[in-house]
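I opened this entry to record what I looked up, residue by residue.

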Amino acid sequence: MRASGGFDRLLRLLVLDAVETVEVGLRTKIAYVLGERDPFGHLRVASLDAAACNQAHSRVRAVGETRHQVWLRNYQRSVRDASREDFVRHNLHKYDELPVWIAVELLTFGALVRLFNLMRPEDRTAIARELGIKGGGLAGSWLEAINYLRNVAAHHARLWNRSMTYKVRRFNRHQVGPGLAHLAGTVPTDKVYSSLAITAYLLGSLGSDSNWPGSVLDHVRQFPLAPGLSPIESMGFPAAWDGQPLWAAVGRPV
């Protein structure tokens, strides 16, 4: 349907706009928390979660490699690709290796999420707390879901009635602020609404002053009417979703 195609294009742009803000916030928090532990903690298993780092990687192409080895190989490729940048050359000359507050500037959102999930549990929990989430494991799984959402949008794939490969992990309402409590109920976790909701929640926790929740609300209200198609049926939106404070919140923790 042409109408749903136009709707989906704008929805993808909204997603990419929000994820950019989440990425900047996550980059800053990882740099601070991991940098406090060890300026080169991203390179050293001893400064990360050894059990997670030493797990065998799940990809067939990485047989015999650990999760940290694969992450490190991809990171080193990013450093080589950026080696002509003045700030990279300067810091490599100064330190031999890039400290984490420089290294994170070279990472994609996916690489940031993978580094977050290799951090020590107490470090992940500290960052999760700043994101308004109780539990570093829950925060990590949500960041993976948002990374998947971002990749779908970046590759121009359909979002509006997609079944999400990375489902939003269930939680209890005591693990989040009241703005997201409605998602702890029976809302489908494999549809786009849940991913949009946790994105809006993180924007609020990061203190974003954008009106992204309001833009999503306005856009979804314009969903093209057609038999059998609706945000509720096709995208997992709960009834009366637009009355939830999450979608009215701008620039404050929710």
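Which residues does Phe-171 touch, not counting residues up to four places away in sequence? I listed Leu-138, Trp-142, Val-176, Leu-180, Leu-183 and Ala-184 for Phe-171, taking contact to mean heavy atoms within 4.5 Å.

Before going further I noted that this is a predicted model, in which local features need pLDDT of at least 70 and side-chain atom pairs count only at pLDDT 80 or more, while totals for chains, interfaces and linings use all residues. Residues are numbered from 1 along each chain as its sequence is written, and side-chain values use heavy atoms, with hydrogens and water left out.

I placed Phe-171 in the loop between α8 (136–154) and α9 (192–205), helices being DSSP runs of H or I with at least four residues, numbered from the N terminus. Phe-171 counts as buried because its relative accessibility is 10%, where buried means under 20% relative accessible area with a 1.4 Å probe and protein chains only. From Phe-171 to Ala-200 I noted 17 Å between C-alpha atoms, at a separation of 29 residues in sequence.

Last, I looked up His-219, which lies in helix α10 (residues 212–221) and counts as buried because its relative accessibility is 8%. Leaving aside neighbours within four places in sequence, I found His-219 in contact with Phe-7, Leu-10, Leu-11 and Leu-14.

Definitions and conventions
Helix = DSSP H or I, 4+ residues; strand = E, 2+ residues; numbered from the N terminus. Buried < 20%, exposed > 50% of the residue type's maximum accessible area, 1.4 Å probe, protein only.
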